[in-house]
Amino acid sequence: ELLLIPIYTSFLNAESYGIVGLVLSVSAILSVFYTLSMDAVTTRFYFKKVKESDYYIRCFGTLNSMIIALGFMATIIVVIIGPIIFTSFIPDLAVFPYLLLAIIISSSAPMFNIYVRLLRAQHLGKMFAIVSLSKFGIQAIFTIVFLSIFQLKEVGLLLATALTGVIYLILSLYMLIREYGIVWDYKYAKKIFLYSIPLVPNRFGALSVVPVQTFLIGFFHDISQVGFFHLGALIGSAVNVLAQSIYDAYLPWAYEHLEMSDKFNQKKLIKVTRSLIIFLSVAALILSLMSKEIFQVFVFGDLQQAWIVFPFFAFFAVVNFIKNIWLMPLMYKDEGTKYVQWSTYTNLILNLILGYILILQYGILGAAISILFSRLLSSMVMMYFSLRLLDLGLTFKNIYLIPFLCFLVANVGFTPYFESFLSRLILSLCIVIGSAMIIRKEIMYFYKSYKSARAIAPPKINTQ
């Protein structure tokens with residue numbers, strides 16, 4: 001989607017993109033109720049040590065059944081009460097087609113997410129890449145056709161997203177049902193439910209961060225400001241995509257090292273974790289220093305001024321990665337999921353209060369500050385409970401210091417001393433060279449060990 005931004009901004013102005021931002025925000029909120037976080041069990045249950053020979057069929061077949069049943073029930077409820085809530089919060093948008101498109105986008109995602117999580121867990125990187133790239137290609141074709149030929153503007157962009165989601169929903173259903181079937185096992189249904197329900201607030205907190213600020217901006221300012229904010233968030237999500245891809249690879253790797261539970265693997269876990277945080281912090285720093293130029297190249301028209309919120313979203317991705325690091329021990333221990341909600345409540349409350357206060361005074365910049373600061377404090381709450389349950393040997397200093405210093409440098413980069421592009425480019429090169437010398441060894445170890453890893457005893461999803 002990031003690669004489609006030049007197309008988006010060529011055919012959409014700030015107001016049209018603001019409508020897209022509002023609809024996708026509704027879709028993000030709805031997606032929580034289409035999964036109840038049950039897709040989160042995929043990686044954890046995949047690596048459980050069990051004796052039953054038919055474990056994977058019973059577990060993931062039951063998961064298939066639960067997600068499909070939940071999808072039907074959620075759709076019925078949203079169709080009945082959705083129009084009332086939609087018109088109450090977003091009175092400027094019509095229920096049809098906008099709410100309908102939001103429902104299609106959110107309902108088509110859960111099965112696809114489970115499918116790609118299983119591909120990751122099974123280390124089927126080539127298949128994962130094929131699926132991801134083909135999805136992007138189909139969505140790009142739909143987007144170009146609907147925007148340039150049919151000139152459907154914001155409806156065309158949303159329709160392209162919805163149709164692509166439906167196509168890959170069908171693909172995911174076919175692959176997962178063919179491999180695991182539609183099964184109902186009460187024992188595994190209960191385990192899935194008890195594991196996932198405490199994670200619902202965390203999922204809601206994670207997915208509602210941008211929507212809450214989007215709705216507040218739309219309430220206090222005009223819809224074009226929503227367009228600036230949403231585009232800045234989208235381009236800033238490039239760092240989040242990188243961070244999430246690394247975390248998706250890191251999570252099964254970390255679980256395997258935790259299962260081994262010896263001093264060597266624990267030390268490697270600590271060193272690799274710190275190195276990944278340094279890598280992401282430096283990536284966010286470099287992109288922030290170059291954000292003006294990035295927006296000038298990839299964004300057209302009046303939406304170029306959205307660059308002002310980019311650095312905050314770039315470092316939000318880093319802090320979110322850190323939050324996920326602290327989340328990992330809580331998910332590793334079955335009893336740990338009950339602590340996740342406290343971090344989520346902290347984030348939700350701070351995000352809402354700070355957003356309400358700062359957006360009034362500073363507009364979209366206030367919204368970006370609110371998002372970053374609330375996530376930072378909530379990650380520290382997650383750290384507190386994580387260290388109580390399972391101490392990985394990670395400390396506050398060696399986790400938060402580097403991201404903080406990089407964020408300071410990113411802001412210094414826009415002072416008069418670094419006003420020119422050349423000065424910021426030289427600074428960026430020096431930082432890249434220095435950090436590469438520090439983390440090269442551990443990053444290579446992580447890459448090689450992940451690449452050579454094999455699933456313990458899994459039935460592979462058929463890729464033929």
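The legends below describe close-up views of a predicted model.

**View 1. The largest nonpolar core and Tyr 250.**
The largest nonpolar core has 141 residues. Tyr 250, Phe 321 and Met 328 have the most contacts inside this core. Setting aside neighbours within four places in sequence, Tyr 250 is in contact with Leu 269, Thr 273, Leu 276, Ile 325, Met 328 and Phe 446.

**View 2. Ala 254 in helix α12.**
Ala 254 lies in helix α12. Its relative accessibility is 0%, so Ala 254 counts as buried. Leaving out residues up to four places away in sequence, Ala 254 touches Leu 269 and Met 328. Ala 254 and Asn 265 are separated by 11 residues in sequence, and their C-alpha atoms are 9.3 Å apart in space.

Helix α11 covers residues 209-220, which makes 12 residues. At 1.5 Å a residue the helix should span 16 Å, and its end C-alpha atoms are 17 Å apart, so the two values agree. The buried residues of α11 are Val 209, Pro 211, Val 212, Gln 213, Thr 214, Leu 216 and Ile 217. These buried residues pack against α2 (14-35), α10 (200-207), α12 (223-260), α15 (310-332), α16 (340-362) and α17 (364-389).

**View 3. The pairing of α11 with α16.**
The axes of α11 and α16 come within 10 Å and cross at roughly 25 degrees. An angle under 35 degrees counts as roughly parallel, and the two helices are therefore roughly parallel to each other. The crossing of α11 past α16 is right-handed. On the α11 side, the contact is made by Val 209, Val 212, Gln 213, Leu 216, Ile 217 and Phe 220. On the α16 side, Asn 347, Asn 351, Leu 352, Gly 355, Tyr 356, Ile 359 and Leu 360 take part. Among the α11 residues in this contact, Val 209, Val 212, Gln 213, Leu 216 and Ile 217 are buried.

**View 4. Ser 27 in helix α2.**
Ser 27 is part of helix α2, one of the helices against which the buried residues of α11 pack. With 5% relative accessibility, Ser 27 counts as buried, because the cut-off for buried is under 20%. Not counting residues up to four places away in sequence, Ser 27 touches Ala 102, Ile 105 and Ser 106.

How values were computed. Residues are numbered from 1 along each chain as its sequence is written. This is a predicted model: local features need pLDDT of at least 70, side-chain atom pairs count only at pLDDT 80 or more; totals for chains, interfaces and linings use all residues. Side-chain values use heavy atoms; hydrogens and water are left out. A nonpolar core is a set of buried Ala, Val, Leu, Ile, Met, Phe, Trp, Tyr and Cys residues joined through side-chain atoms within 4.5 Å. Buried means under 20% relative accessible area, exposed over 50%, partly exposed in between (1.4 Å probe, protein chains only). Contact means heavy atoms within 4.5 Å. Helices (H or I, at least four residues) and strands (E, at least two) are DSSP runs, numbered from the N terminus. The expected span of a helix is 1.5 Å times one less than its number of residues. Axes are lines fitted to C-alpha atoms, for helices over the stretch in contact, and angles run from 0 to 180 degrees between N-to-C directions. Angles under 35 degrees count as roughly parallel, over 145 as roughly antiparallel, 65 to 115 as roughly perpendicular and the rest as oblique. A crossing is left-handed if the near helix is turned anticlockwise from the far one by less than a right angle, and right-handed if clockwise.
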